Structures are given as C-alpha cells and as structure tokens.
Amino acid sequence: MEIVLLGVNHRTASVELRERVAFSPEKARRAAAELRSRGVLSETLVLSTCNRSEVYGVPTETPLETMAELERYFAALHELDPALLTGNLYRHRDAGVVRHVFRVAAGLDSMLLGEAEILGQVRDAYQAALEFGATGPVLNRMFQAALEVGKRVRAETEIGTRPVSVAFAGVKLAEQIFGKLAKHSALILGAGTVGEQVVEHLSDRGIARLMVANRSMERAREMAARWNAEVVAWSDLESALCEPDMVVSSVGAEEAVLARPMVERAMAARGNRALFLIDLGVPRNISADAGALYNVYLYNVDDLSEIVENNKRARASEIPRVEELIDEHILKFQTWQSGVEITAVLRDLREKMAREREGFLRERLASAENISAAERERISRLAEELLERVVVNPVARLRGVHELRQRLADLEAVRRLFGLDQEKP
Amino acid sequence: MLHGVPYEDLWGSLSFFGWMVGLIYLGLELVHRGRSVGPFVLPFVIILFSISHIRDVSPHPTPARGTIFALHITLSILAYSAFALAAVLSAIYLLQNRLLRRRKPGGTFWRFPALDVLERMSRSSALVGILALVAGTVSGFIWANRLHGHYWNGDPKEIISLLMLVCYATYLLVSRQTAWRGARAAMFCMFNFALVLFSYSIVNIYLSRYHRFY
C-alpha cells in the first residue's frame with residue numbers, strides 16, 4: 001500500500017507557475033476522475049491554494065511508474081511544457097507524503113509560519129474529494145489524521161497564537177484590552193495601507209461602529225462609503241475623541257495630529273474610559289507623552305513591528321514541539337498502515353499457497369488413476385490443513401509484533417522470502 | 001469535615017474557604033466564558049487546602065448550634081472566598097495592564113483574558129461577596145440576638161464587617177463609573193482584600209470576643 005504526492009508550492013515555484021498549475025474545483029474533479037479511469041491512481045485528492053498545487057494519490061502501478069505518469073498528466077492537464085516543471089516539482093512517497101501533509105495542516109509549510117487558514121483549505125479539499133468519491137480508505141485515514149494534527153497543533157502549541165502582522169497585532173491588542181469588539185467603536189484618521197488592513201481586521205472581528213476623519217472631506221466620504229463607516233469632520237476631531245474605544249491614525253502630517261492636551265481633555269470628557277491609540281504615521285501623529293495618561297494605551301508603528309518580530313521568533317521556536325506532535329501522528333498512521341499491510345500480505349500468502357497446492361495436486365495426481373474422487377477430495381483437504389498448520393505460527397508472530405520498525409521489516413521479509421511481490425497481479 | 005459546616009477550627013474553615021473559591025470561580029467561568037484565569041486561581045486553592053491539612057482536627061465538645069449559625073458561617077466564608085477571587089482577578093488585571101502599558105507584551109500575554117473581561121469577572125465576584133456578606137451578617141445579628149438578647153454587641157468583627165461592605169460597594173461604584181476605573185479600581189479591590197485578611201486574622205485572633213476562626 002503506497003501513497004504518492006506530486007506538487008509545487010511557494011518554495012519551489014514562482015507565482016507565475018503556481019497560477020498556471022492551480023486547480024479550480026472543476027479541474028480538481030476532472031483530474032480525480034481521469035487519473036482513476038486511466039488506472040494511474042486508485043484514490044486521489046487535489047489540494048490547491050494560492051501557495052500550492054498538490055495531487056495526492058494511491059498508485060495502482062509501482063510508485064515510480066505512477067509518478068512519471070502523474071507528472072505527464074499534470075503537465076498535460078495544465079497545458080504546460082513538461083520541461084517547465086522540471087526542478088519546480090516535488091515528489092514524495094509513503095512516509096514522506098504523510099509527513100508532508102501533516103506539516104501542511106500544521107501550518108509549517110505555509111509562507112506565514114503557523115497560519116490557520118491552510119487547515120480550513122485542507123478540510124475543504126478533503127470534503128470535496130470525499131463527496132466526489134475520489135478518496136478511499138488510505139487517503140481518508142491520512143487526511144483525517146492530518147486534520148487532527150492541525151487541530152492539536154493549534155490547541156497545544158503557540159505556533160498560531162501570536163499575531164505576526166502589524167495590522168493584526170494592533171487588532172489583537174485591542175481585543176486584549178476590550179475583549180470582543182462587537183460592542184466597541186473605532187475612529188480611523190487618514191488613510192494608509194496598514195491602516196486599511198487594520199480596518200479590514202476590525203470588520204472581520206465584528207466591530208460595532210467605524211468612524212472616519214480625513215483632512216479632505218471628499219476622501220473621508222469615499223473611505224466611509226467603502227467601509228460602511230460614519231464621517232467625522234476634521235474640525236470636530238477633539239469632540240469626536242470622546243466616543244471611540246480606539247483610534248487608528250495614519251495621517252501624513254509634519255506635526256502631531258493628537259497632542260497630549262487634546263487627548264487629556266478627551267479622557268476627562270470620557271470619564272477615563274480606556275482609549276487605545278494606534279499611531280501608524282511616520283512622522284508620528286500622536287504625541288508620545290499622551291501614552292502616559294491614565295487608561296490610555298498608545299502604540300506606534302515601531303512598537304507594533306517589534307511585537308511582530310518577537311512573535312515571529314516565538315512561532316519559530318515552537319517548530320520543534322510541532323514536529324514532535326507530527327512524529328507522534330506519523331507513527332500512529334504507520335501503525336495503522338502496517339496493520340492493513342499485514343492483512344494484505346497474509347491474503348497474498350494464502351492465495352499463493354492455494355495456487356501451489358492446486359498445482360502440486362494436479363501434477364501428482366494426474367497419473368494416479370486408481371484414486372477415487374472422494375479420496376482426491378480428502379488428499380486435497382489434508383494438504384490444505386498441512387499448509388495451514390505450517391503458517392499458523394509465523395502468522396501469529398507477525399501479528400504479535402508491536403514495534404513498528406520490526407513489524408515493517410518482518411512484512412518485507414515475508415514478501416521477499418515468499419516472492420509475493422513478483423506474483424502480484 | 002465529614003459533617004455539616006466546619007465551624008470547629010481555623011483549619012476546617014480554611015479548607016471550606018478553598019472549596020468556595022473554586023466554586024465561585026467555576027460560576028464566573030460559566031458566566032463570563034473565560035477560562036484563562038484558572039491557572040492563577042488554582043495555586044490559591046491548593047495553598048488553602050495545604051494549610052488546612054497542616055494540623056489534624058482535634059474534635060472537641062461544641063456548644064449547641066443551629067441552622068442560623070451554620071448559615072452565618074457558610075455565607076461569611078462564601079463572601080471571603082468571593083473577595084479573595086476578586087483580589088486575584090484584580091492582581092491579574094494589574095499585571096496585564098502593566099504589560100500593555102509598557103508596550104512589551106510577550107510570553108503568556110496573548111493567552112491572558114482581556115482587561116475588560118478581568119474587570120467584569122472581578123466585579124461579579126465582588127458582587128457575590130457583598131450579597132453573601134450582607135446575608136451572612138444579618139444571620140449573624142439574628143444569632144447574636146438569640147444568644148445575647150440584642151443584635152448589636154459592639155464586637156470589632158461587627159464593625160469591620162460593615163466597613164468591608166461599604167468598601168466593596170464603593171469598589172463596585174468606582175470601577176464602573178468614575179475616573180478611577182481601571183488600574184486604580186483594581187488596586188482598591190486589592191486593598192479591600194487586605195481588610196478581609198485583617199478581619200480573618202488579627203480581628204479573629206486578638207480582638208473579637210465571639211469570632212475565633214472566621
């Protein structure tokens with residue numbers, strides 16, 4: 001029972017190539033159907049995201065032939081010159097495939113280490129293949145295990161907990177202060193790329209109310225329309241400060257937009273209700289000493305960048321723990337796999353013995369004419385019994401080995417010694 | 001403590017205290033749906049249990065006591081436990097607030113509950129404490145009246161209990177409405193707990209005539 005994987009990802013291929021080998025859901029279904037009807041794979045699953053295009057499968061031929069066949073098909077399906085793929089593809093077999101898919105689900109193979117989105121994408125890909133009937137016992141088992149790995153990694157390690165983008169760090173900090181943002185409001189000053197990302201995250205997290213203010217009223221209206229926000233006149237900035245729980249500022253201005261006295265007056269008017277200020281402007285939009293005011297939390301771009309850098313390091317330091325968890329699940333999967341393998345080997349062995357017995361009896365009894373049909377039947381049964389008795393102990397021993405490496409070695413030995421591989425139809 | 005309310009000695013009352021802290025925390029966890037405070041509360045409970053097991057309980061004759069008395073003890077210890085929990089939550093609040101204000105959040109910071117959640121949990125806990133203390137004190141007065149014929153005995157325990165009520169009620173008010181909300185309110189909550197500890201220790205052992213262990 002082999003598993004193969006062929007794919008490209010952000011590490012091996014440029015974005016141009018990744019775009020060309022992306023699978024739409026229809027294309028994924030078509031590939032699954034064709035690969036099976038052509039007898040290349042008995043089970044298939046296509047995982048295609050912006051950073052990867054991968055085909056998982058259980059081969060019907062020997063893995064090497066299948067791999068070559070799969071590669072040709074991959075190029076043909078995407079209408080690519082196969083030469084374009086050389087050097088950009090990776091191929092894995094068996095344990096390599098298992099480790100790869102577990103690492104993908106854990107977020108170790110992602111561009112942004114530990115990101116959570118990939119787990120949902122793996123789940124969707126698996127669901128789609130399952131519903132299409134493209135998977136079978138092996139891939140089902142492997143992908144269920146991968147999803148479990150992903151879930152455990154997120155619950156038991158810190159690889160995905162800390163924000164690693166400036167915008168998201170700002171939003172997570174807001175949540176550390178206010179809890180859920182569903183009853184809170186934010187005021188956005190000016191417009192910048194990061195500021196815009198913050199707004200997107202805030203909307204994602206269900207912020208109740210957004211307000212925008214800009215020096216140019218026109219620009220403010222435009223932003224308000226895009227984000228479904230309210231417009232605050234630039235001249236009313238000070239009075240507007242009484243309301244929001246957080247202010248995100250990215251204004252291109254030489255001097256501070258929010259000076260300490262202004263924030264101080266606002267805090268007095270707010271009855272010191274906590275105010276979270278994110279200053280994304282360079283030069284800074286909010287006087288640094290405003291951060292010393294009671295219940296004011298002020299973060300500038302550098303503060304957030306430093307947090308992000310620390311968090312990236314913290315995520316990287318979690319890799320060994322994640323790998324440990326992955327190893328544990330690989331072992332579990334291989335144990336299951338070897339159990340299935342034992343059953344297959346024993347079935348092959350019995351079939352081979354049956355063939356041998358019949359051939360032997362046919363040969364030896366052909367010339368013996370004075371043996372009645374009943375006696376022939378009896379001899380046949382005795383021969384069968386004898387063979388059963390010969391293998392009963394080896395079979396028990398084979399099943400009795402619990403150490404995985406030993407078990408795989410035994411299986412291999414049985415296959416080799418009895419020549420089970422060559423005769424496989 | 002296999003039978004009824006543990007009002008025989010300090011150790012039993014401490015053990016009971018521990019149980020109550022755990023119980024109230026579970027309640028808070030259910031109401032506020034935040035579980036990350038648990039690890040900070042648990043050591044507290046364990047310490048209380050450990051202290052309560054330092055000494056074997058020596059059974060000694062007890063004067064006849066009734067339901068009201070048992071109620072008085074239970075409610076008072078419940079109140080103290082709730083106040084203890086409010087203090088722990090306020091301490092975590094202060095820690096979290098400090099990390100946020102220094103702009104160097106790291107370590108376990110990201111797994112901590114939000115300031116707002118801590119504040120609300122602390123307030124709920126203080127509210128539970130106040131309600132339990134009011135009921136406990138009232139039952140105490142009733143019991144005192146039965147025993148001595150009058151409600152007010154001028155015992156230091158009575159005075160400090162009323163003081164605690166006033167302080168915690170003030171905390172509830174301050175933490176919600178005034179310019180002191182936030183870190184200052186949290187510090188006030190911890191100061192209030194110092195009062196509880198004072199009542200539980202010095203007042204019991206040296207000052208009060210009627211309250212020996214709780």
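User: Which residues does His78(A) touch, not counting residues up to four places away in sequence?

Analyst: This is a predicted model, where local features need pLDDT of at least 70, side-chain atom pairs count only at pLDDT 80 or more, and totals for chains, interfaces and linings use all residues. Residues are numbered from 1 along each chain as its sequence is written, with chains lettered from A and ligands numbered from 1 in the order in which they are written. Contact means that two C-beta atoms, placed from the backbone, lie within 7 Å. Leaving out residues up to four places away in sequence, His78(A) touches Arg20(A) and Val21(A).

User: Where does His78(A) lie in chain A?

Analyst: Helices are DSSP runs (H or I, at least four residues), and strands are runs of E (at least two), numbered from the N terminus. His78(A) sits in the loop between helix 3 (63-77) and helix 4 (82-85) of chain A.

User: Is His78(A) exposed or only partly exposed?

Analyst: A residue is buried with 20 or more other C-beta atoms within 10 Å of its own, exposed with 12 or fewer, and partly exposed in between; C-beta atoms are placed from the backbone. His78(A) has 17 other C-beta atoms within 10 Å, so it is partly exposed.

User: How do helix 7 and helix 14 of chain A run relative to each other?

Analyst: Helix 7 (residues 137-156) and helix 14 (residues 319-365) of chain A have axes 10 Å apart and an angle of about 155 degrees. Axes are lines fitted to C-alpha atoms, for helices over the stretch in contact, and angles run from 0 to 180 degrees between N-to-C directions. Angles under 35 degrees count as roughly parallel, over 145 as roughly antiparallel, 65 to 115 as roughly perpendicular and the rest as oblique. The angle therefore makes helix 7 of chain A and helix 14 of chain A roughly antiparallel.

User: How do the residues of the contact of helix 7 of chain A with helix 14 of chain A divide?

Analyst: Helix 7 of chain A contributes residues including Met142(A) and Arg152(A), and helix 14 of chain A contributes residues including Phe333(A) and Trp336(A). Ala, Val, Leu, Ile, Met, Phe, Trp, Tyr, Cys and Pro count as nonpolar, Asp, Glu, Lys and Arg as charged, and the others, Gly among them, as polar. The contact residues divide into nine nonpolar, one polar and four charged.

User: Which element of chain B gives the most to the side that touches chain A?

Analyst: 16 residues of chain B are in contact with 16 residues of chain A. Helix 3 (67-101) and helix 4 (115-148) of chain B each give two or more residues to that side. The most, three residues, come from helix 4 of chain B.
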